[in-house]
2 protein chains.
Amino acid sequence: MLTDYLQRREKLITEDRALRIDRIRANYTPSELKADEVVRSIRAREAITVWGINHDHVPHQYPGMEFLNAKDIILWTDLYSKIVSKMPKGGLLHVHQNASVEARTLLDLALSHPAIHIRVPGLLDAASLETVLPIIQPIPVEQYPAADVIGITDVLYTGGWVPIMKARELFDHALGGPAGFDKWVLSAFMINPSDAYDKYNTPMKIWLKFGSTFGVTDPIIRFVPIQKEYLRRFILSSIDDGISYIEVRTSFFKKYILAEDAKTKLELRELLLIFREVTNEIKAELKAKGREDDFAGMKIIYNTLRIISPEELESELEQCSRFKQEFPDLIAGKSCGFDLVGHEDGAECKPLIDYAEPLLRFTSQHPDIPFIFHAGETLGDGTAADMNLYDAILLGTKRIGHGFSLVKHPKLMQICREKKIAIEVCPISNEVLRLTSSMPMHPLPIIMNQGIPVVLSSDDPAMFNSMGLSFDFFQVLVASEVTGLLTLGQMARDSITYSMLDERSKCAAMDAWERRWAIFVEEVAAMDP
Amino acid sequence: MLTDYLQRREKLITEDRALRIDRIRANYTPSELKADEVVRSIRAREAITVWGINHDHVPHQYPGMEFLNAKDIILWTDLYSKIVSKMPKGGLLHVHQNASVEARTLLDLALSHPAIHIRVPGLLDAASLETVLPIIQPIPVEQYPAADVIGITDVLYTGGWVPIMKARELFDHALGGPAGFDKWVLSAFMINPSDAYDKYNTPMKIWLKFGSTFGVTDPIIRFVPIQKEYLRRFILSSIDDGISYIEVRTSFFKKYILAEDAKTKLELRELLLIFREVTNEIKAELKAKGREDDFAGMKIIYNTLRIISPEELESELEQCSRFKQEFPDLIAGKSCGFDLVGHEDGAECKPLIDYAEPLLRFTSQHPDIPFIFHAGETLGDGTAADMNLYDAILLGTKRIGHGFSLVKHPKLMQICREKKIAIEVCPISNEVLRLTSSMPMHPLPIIMNQGIPVVLSSDDPAMFNSMGLSFDFFQVLVASEVTGLLTLGQMARDSITYSMLDERSKCAAMDAWERRWAIFVEEVAAMDP
């Protein structure tokens, strides 16, 4: 009786998991199977040795817990340091350009450029340090203050510009001196644990903090000399993390970037020239080192904010189309796409349906520029943000950014499965922005078990202190007993499959990835778990 | 172009929601449709006037927020006080007998019986008050302490029994006196906000606190005079809340209850006699008042803990079968069922598969006693608790208790839909026990949109301070824009449809419910939203 039961049980489990990507592929190599076992052993061991013990300053630890509290623990796990951080990740398909470089690096870039100045709208003291945001931006040389300018914490300070390096040097020692300055500025660049898990601990409130970080960092980045270096650091650090291709969402909402003189407003075409220049430089450097496999390139997903009017959208779409003609390699091979972004649950953001008319017209005129919409980044059920999923799909989106609420929609899941509309799942973003409290609560397994393609993405890693894809991969790996290394491998493959690369580039990128994967798998298989 | 688009959009939404119970039924009366509109208006208004403003002592308020923080706000909403609390709820199909009466009421019952005594294992002072648990139970008269016994906070107290009423009177005024005593004892009876949302804020840790509450209250309840009154209060308060039928999970893990002399151990058959007596009394009282429609009766789901050995399970199953023969009305009708309960994620709990052999044998010998298993009450993906769902279904469970992780399993969802295996969804329980952080994060909409029958249940309302079904219904109603009053009505209908009532009783219960529903709907439809 039991034998028969166990057979029926095995059959049921197999049927239940039949749509999973890690089940569809059957021809795993012995090394792959061995490597998967090694990873499962390490995970099981560290569930006890790392996550089963108490850590100072961490209130409740478990695998897949809140990332901002977990990060320091994650860094010293074998699973992270020996496995996930070394894995070739494939493509990073959902990341916002102006949130793509580590906060500390951006601060160092700002500190290294003489044009960057800071001012503070109010009195800075121990009490106001938590609420007063710095204003940091380049200013033209003729506006530079006198050499004997006082610091921003000086009692005589009245709100004018101070060179950022000087402001840091002169920062009141009672407030921590230069280290206190760094801490204060970085806390304005990023979401801190106390922001996410205490002060702004709801999906609505955390966007107040999240939005404010862009307000502080954007003026630094949108300055040609820094923009160039920022982009370079982004691509190089991504490559270091095993990412071999990038589709970066780039905002064209603001109409210019600042030239090196910090006063000439350059049109956004210049930004695309910078993208092309930096990407080509890095590709050439890698080629010179025989590392062509490490990077297949970067493309842009043109986006603007979903607060604009439908009429303004028309001109955005036209500009996107013009750029696409001039930069077919950037706004992309087969092509890159168009997106509308912003806080979908926010009162100021319009639902996609409001833009249906211009979008429908555009798509009939420009079938070569795909839509790759953010949609369903919400806990709402039947709210405007949730309903965006219907429109994203009806408007022909090629992938869906977030699609967090997709799991509520059986028909839409069926369409995504059949039409191969991949979901750009951003685990840490969803958690820090409070759509899920932890990774075990995340709907990712539902999406995967429905046979819907998934590409893991980092979204705004600068704000979440989660650079690269390793942290997102890690959180996914520890939060499930079904998912293993081979699942992550399939997701990496899918990140190339569902990229906007043309077929030839896609094959080349996949071949390069497979070569790196084979080496990686051998290394893992040889490990002592 | 837009007209065509809007038509396609409407069609897609309809297809997507086609499996929902509130869509399957089409013949709503004009009053039902009007009442639904009224409820949606009130909900929309209170989303702003109640949930959109700050409340003292509530860190972050929003519809569907943490119940233990929200309760005081909920109580003064129109949606709760005028609508949901008045609604006829149908059957309560998942509730644990020993967690079914308000903590304050249980304390009053204890205070009113001279046999109930208390003792404290350690020194009770301001610091230890938070950690020291009271031991409260009946003792035989020959063990009563002398009349001049000192209080449990007295410096000379050495740990002996004190009459609970006396201990309360003598409770140190520095610790709050009698009110301080009540607060301390009640905090041991229940899960408090600080337990759930701070001290034990993980699905694993909260079970430490949850388990301890049963340890404190069980010895009070398992005493014939209190058991009788406890049961009576449970049924009457349920009827007050609009519940017209109950299937109560009753634990037979402990082998006796205490007789009135507080020393004779009565076998559990006596407990069933009490159930029959109290149920019949209440039915007679209602009949005398012409209120037969208000209560169709109560049945028992026999359960024991999933920590016993498979051999022990054999004898439990035999006892269940014997009771069923003697009390066909109680463990029965068409019959009531059998269940195994406990912390599925807990190390000491066995997975269902460990019991497969005796369960398979039993089901072939006793097809008249259905299994109604707890399964998938977990955040795990592929863990033992999650895998219990495969076994529950293969073993032929008629309903599933919790089924929280069911949404990860496409094949199992299909089986539940096709075989009409209803899910006993316990919204507040899941939230307080930290499987979900809030109602908007709960997977209920996924289950509903897959066309799987749902019965909302309260689980352990005494520990969650969520008596009745109104609070669970409320949380569900405010957390979705799709769900409305008619959805809740359909769920109430389903709670009768998927009960273990025999067909004739089921029809009678449904007819009675429909009569009450029609009156309720008229009242709501006539309200000024």
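This is a predicted model: local features need pLDDT of at least 70, side-chain atom pairs count only at pLDDT 80 or more; totals for chains, interfaces and linings use all residues.
Residues are numbered from 1 along each chain as its sequence is written, chains are lettered from A and ligands numbered from 1 in the order in which they are written, and side-chain values use heavy atoms, leaving out hydrogens and water.

To begin with the overall arrangement, chain B is superposed on chain A by a rotation of 180 degrees with 0.0 Å of shift along the axis, at an RMSD of 0.0 Å (least squares on the C-alpha atoms of residues with pLDDT of at least 70 in both copies). That is the relation of a two-fold axis. Within chain B, the C-alpha of B:Ser437 lies nearest the axis, 3.3 Å from it.

Turning to chain A, helix 15 (residues 384-394) and helix 16 (residues 410-419) pack at about 30 degrees with axes 11 Å apart; helices here are DSSP runs of H or I with at least four residues, strands are runs of E with at least two, and both are numbered from the N terminus. Axes are lines fitted to C-alpha atoms, for helices over the stretch in contact, and angles run from 0 to 180 degrees between N-to-C directions. A:Leu389, A:Tyr390 and A:Ile393 of helix 15 meet A:Leu412, A:Ile415 and A:Cys416 of helix 16, with contact meaning heavy atoms within 4.5 Å.

In chain B, strand 8 (residues 298-305) pairs with strand 9 in the parallel sense over 4 bridges, where pairing requires at least two DSSP bridges. B:Asn303 stands opposite B:Asp339 of strand 9.
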